[in-house]
Amino acid sequence: MGMGTSNFVIRWINFLTMVIICLLCMLFNGQLLAIAVAIFGVWMSTHHDGCRKSLTLPVLGLGGFIFLVSMIGFLGALKKNAILLWIYLILLCMILVAILVFTVLAFIITNNGSGHNVSGLRYKEYQLKDYSSWFLKQLNNTDNWKRLKSCLVKSEDCNNLAKQYKTLKQYKMAKLTPIEAGCCRPPSECGYPVVNASYYDLSFHPVSSNEDCKLYKNSRVVKCYNCDSCKAGVAQYMKTEWRVVAIFNLALFVVLSIIYFVGCCARRNAGRTRQCKV
């Protein structure tokens with residue numbers, strides 16, 4: 001191996017070693033974790049429309065706050081400053097408690113509610129009464145639902161069904177989302193004949209006493225947006241979103257706990273160094 005080749009290899013080995021060490025330092029101090037949380041928040045925002053981003057901003061805010069706290073810890077460890085490390089540990093402890101409380105509440109809130117299978121359909125229908133009282137309170141709030149309903153109408157989810165499923169057979173074989181199943185069509189128990197993906201024959205008298213049967217209209221701005229079945233579909237969506245964030249927070253709590261332990265060790269070492277200098 002020539003001298004030039006050897007120098008090239010050594011330079012790249014040293015560079016890669018430095019990068020790995022920096023990444024490990026950032027990981028144990030929290031910067032990489034904060035970036036991961038922010039990326040998770042961005043992923044949530046790109047996968048949901050404006051109607052269904054209830055947890056996107058809180059996740060992004062958490063990522064930003066963790067990054068700020070990690071910078072305090074980084075400076076404290078770099079300068080071996082016990083005061084900065086104390087501030088870092090206190091803030092990190094607050095984050096851990098907040099994550100733990102939110103995660104426990106999220107699992108409790110999302111414990112209830114599930115879809116009901118309907119014969120002949122490949123998707124489930126949802127009933128509002130199955131969900132937790134917290135979801136019921138949020139969705140039955142007039143102002144909250146007025147805002148959500150307006151957003152759902154503008155999202156064109158229901159009107160796009162006719163474009164996606166051009167034949168009646170395609171529509172009956174479709175796997176509708178909870179919101180599409182609850183907001184874009186009347187409950188199956190109503191017994192209205194299906195004409196196409198966006199139109200039902202309402203001349204038939206409903207065979208069920210369900211109030212949603214009377215509330216459904218074929219109009220693109222009405223549909224079943226005032227129905228409890230629509231609120232149930234939104235509740236199911238919220239439940240899924242909250243459960244995903246709760247699982248993510250559980251993993252985040254474990255990693256932050258390890259970082260907290262490392263931070264405690266760094267603070268103890270900083271305190272010993274200060275005593276030695278004195």
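**Exercise 1.** Is arginine 185 buried or exposed in this predicted model? Determine its state, then identify its charged partner.

*Solution.* 
Step 1. The relative accessibility of arginine 185 is 4%. The cut-off for a buried residue is under 20%, so arginine 185 counts as buried.
Step 2. Side chains of opposite charge can pair when their charged atoms come close.
Step 3. The partner of arginine 185 is glutamate 125, and their side chains form a salt bridge with an N to O distance of 2.8 Å. Glutamate 125 lies in strand 2 (residues 124-125), whereas arginine 185 belongs to the loop between helix 9 (178-183) and strand 3 (194-196), so the pair links parts that are 60 residues apart in sequence.
Step 4. Glutamate 125, at 14% relative accessibility, also counts as buried.
Step 5. The total count is one salt bridge.

**Exercise 2.** Where does lysine 223 lie, and what is its phi angle?

*Solution.* 
Step 1. Lysine 223 is located in the loop that runs between helix 10 (212-215) and helix 11 (228-277).
Step 2. Its phi is positive, about 40°, although lysine 223 is not a glycine.
Step 3. With a relative accessibility of 2%, lysine 223 counts as buried.

**Exercise 3.** Which residues does UniProt list under "transmembrane region", and how much of residues 83-109 is helix?

*Solution.* 
Step 1. The unreviewed UniProt entry gives residues 12-43, 55-77, 83-109 and 244-263 under this heading.
Step 2. In the model, residues 83-109 are 100% helix and 0% strand.

Conventions. Residues are numbered from 1 along each chain as its sequence is written. This is a predicted model: local features need pLDDT of at least 70, side-chain atom pairs count only at pLDDT 80 or more; totals for chains, interfaces and linings use all residues. Side-chain values use heavy atoms; hydrogens and water are left out. UniProt positions are given in the numbering used here, feature names are shortened, and annotations may be inferred rather than shown by experiment. Helices (H or I, at least four residues) and strands (E, at least two) are DSSP runs, numbered from the N terminus. Buried means under 20% relative accessible area, exposed over 50%, partly exposed in between (1.4 Å probe, protein chains only). A salt bridge is a side-chain nitrogen of Lys or Arg within 4 Å of a carboxyl oxygen of Asp or Glu.
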